[in-house]
Amino acid sequence: MGSNGGMAKPVTVRVLDSSASEGARTAAVCAKLAVACDEPTLYTDATNCLNELSRINTDVLIVDLESIGGEDALETFAVRCPSSVIVAVSAQGSISRAVSAMRCGAHDFLTKPFSLDALASKITFQLEQRRPQTIRDAAMVSGAQHGGTTTPQGSARLDTQAHPAAQSSILSSGLQSPRGLEQLIGASTSMREVYDKIRRMAPSQAPVFITGESGTGKELCATALHAQSDRRKAPFIALNCAAIPRDLIESEIFGHVRGAFTGASDTRIGAAEQADGGTLFLDEIGEMDLLLQSKLLRFLQTGSFQRLGETVTRKVDARIICATNRNPLEEISAGRFREDLYYRLHVLPIPLPPLRDRREDILLLAETFLHRYSREEGRSFKGFDADAEAALIAYNWPGNVRQLENTIRQIVVMNEGLAITHAMLPLLIRDPARRQTPSSVVDLHREKSRAASVARPFGSIEPLWAQERRIIETALDAFDGNIAMAAAALEISPSTIYRKKQSWMARGA
Ligand SMILES: Nc1ncnc2c1ncn2[C@@H]1O[C@H](COP(=O)(O)OP(=O)(O)OP(=O)(O)O)[C@@H](O)[C@H]1O
């Protein structure tokens, strides 16, 4: 059984399945959870389960829909334990069934047979959602940094109602929110590396050089570095060089005295002075002209500078973080960026991965934004349907997290309902011609089928349905049983997978 790091109250899990053996298999999920569990309680009878739900605390309820006569009956269970995580399971999965189960109170849905890892992942995600915001986010980062399992594996009801048991135990674990880092969402390996770098680099005084495409979170990363550093109580001053006319960048950084140039009617303190004792974040550093680059180099070497139009040399102590969405080495080759300045700045590099290279973060981000904007806009969206999830995962997101955030916000404003459907997505994202398959999965399929065909004697041809089944199961394995992700990788709709599974069952295969 999983450990929950010394937390006070173990999680209570109840499983309702009219088949005792299937219920016992499902209950084995407790061993896979990252939190400590009490011995799970198994029910084969729905009435017994209902009676106990109203009397005894329940953190997680896993219900087999066939055992209660269908998803409509789920509502009765949901009202008995309003703060529990409810996962509905069924041997007859379909998208409409999943959506209606969620409408009737399930937080998530799984088609039988499911992998215990997939179930554990869904439960873990839902328990995370019940923590208070700051603690939850801290855990998300902390869990990611320590290899925790916080990636959601499917559509989810994002209900932040704090669970009393989870709340008290987490607070007593001493898990403190690492301020700033909590804003960064993502549990992919590449984002875990970013969190690790931020934690390690934050205490240093050396410059940090953040690279990444537009919208990958460079500014968020810079604020997290500052918030994690000893300078956190001093100012964090951010300057976006791309948003300032070139001839005004110098005065914005170093300030000017009255009359220094036409229009300088007052003396003005620049960003460097304002950041004294704190952090100066220079975004889009590639926008500076070469003369200003040499002044910045001197500032980095000596900490001293002059306000425009002044001869007095001033000194400040500001940590420099800079960022660019250009390739700095190409900029050097093209003569647009000073090589000596690059090496002065490029002491602690943080490359931020584009969203298309960490597709496993897409749903986590999308669900967070959905929850945030649903609340803000007074909507009641709880999650995405499986087709919408698959399309979000398959899309390439050239504008990265910013584009994803804006897309979700736009959908929330323009629509109403409980689940975001495929039809609500912008055409650009729905258009399958723009989809790209995650190469690792395709390669895995190719490798497996190549190996299988070499091993099989010539002439023994596997039936088409069996080949399809192997390919689909390989994809499901690769995504821990997540149908939406497997469907996206295979470039088919999730309903095709549900349909195929039903036809295999009908064959008794
Ligand atoms: N990992 C993340 N988690 C949560 N939100 C994120 C993440 N990355 C980016 N965002 C959000 O995306 C938007 C863009 O982020 P940010 O401004 O930090 O990107 P950037 O790389 O600095 O973009 P640009 O190069 O265009 O300035 C912001 O609203 C930010 O909150």
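How do the axes of helix H8 and helix H9 cross, and within what distance do they come?

**Entry 1: ground rules.** I am working from a predicted model, where local features need pLDDT of at least 70, side-chain atom pairs count only at pLDDT 80 or more, and totals for chains, interfaces and linings use all residues. Residues are numbered from 1 along each chain as its sequence is written.

**Entry 2: H8 and H9.** I looked up H8 (residues 189–201) and H9 (residues 218–228); their axes come within 8 Å and cross at roughly 40°. H8 is therefore oblique to H9. I noted the cut-offs: under 35 degrees is roughly parallel, over 145 roughly antiparallel, 65 to 115 roughly perpendicular, and the rest oblique. Axes are lines fitted to C-alpha atoms, for helices over the stretch in contact, with angles from 0 to 180 degrees between N-to-C directions. Helices (H or I, at least four residues) and strands (E, at least two) are DSSP runs, numbered from the N terminus. The H8 and H9 crossing is right-handed; that is, the near helix is turned clockwise from the far one by less than a right angle.

I then listed the residues. Val194, Ile198, Arg199 and Met201 of H8 meet Cys221, Ala224, Leu225 and Gln228 of H9. Contact here puts C-beta atoms, placed from the backbone, within 7 Å. This contact of H8 with H9 has six nonpolar residues, one polar and one charged. Ala, Val, Leu, Ile, Met, Phe, Trp, Tyr, Cys and Pro count as nonpolar, Asp, Glu, Lys and Arg as charged, and the others, Gly among them, as polar.

**Entry 3: H15 and its partners.** I turned to H15 (residues 362–377) and H17 (residues 400–414), whose axes come within 9 Å and cross at roughly 40°. H15 is oblique to H17. Their crossing is right-handed. The contact of H15 with H17 holds 11 nonpolar, one polar and three charged residues.

Next I checked H16 (residues 386–394); its axis and that of H15 come within 9 Å and cross at roughly 120°. Ile362, Leu363 and Ala366 in H15 meet Glu389, Leu392 and Ile393 in H16. I counted by class five nonpolar, no polar and one charged.

Entry 4: UniProt, in an unreviewed entry, lists Asp64 as "modified residue: 4-aspartylphosphate". Such annotations may be inferred rather than shown by experiment. I placed Asp64 in strand E3 (residues 60–64). Is Asp64 buried or exposed? Asp64 is buried, because 22 other C-beta atoms lie within 10 Å; buried needs 20 or more, exposed 12 or fewer, partly exposed in between. Beyond four places in sequence, Asp64 contacts Leu16, Asp17, Ser18, Glu22, Val89 and Ser90.

Notes
Two residues are in contact if their C-beta atoms, placed from the backbone, lie within 7 Å.
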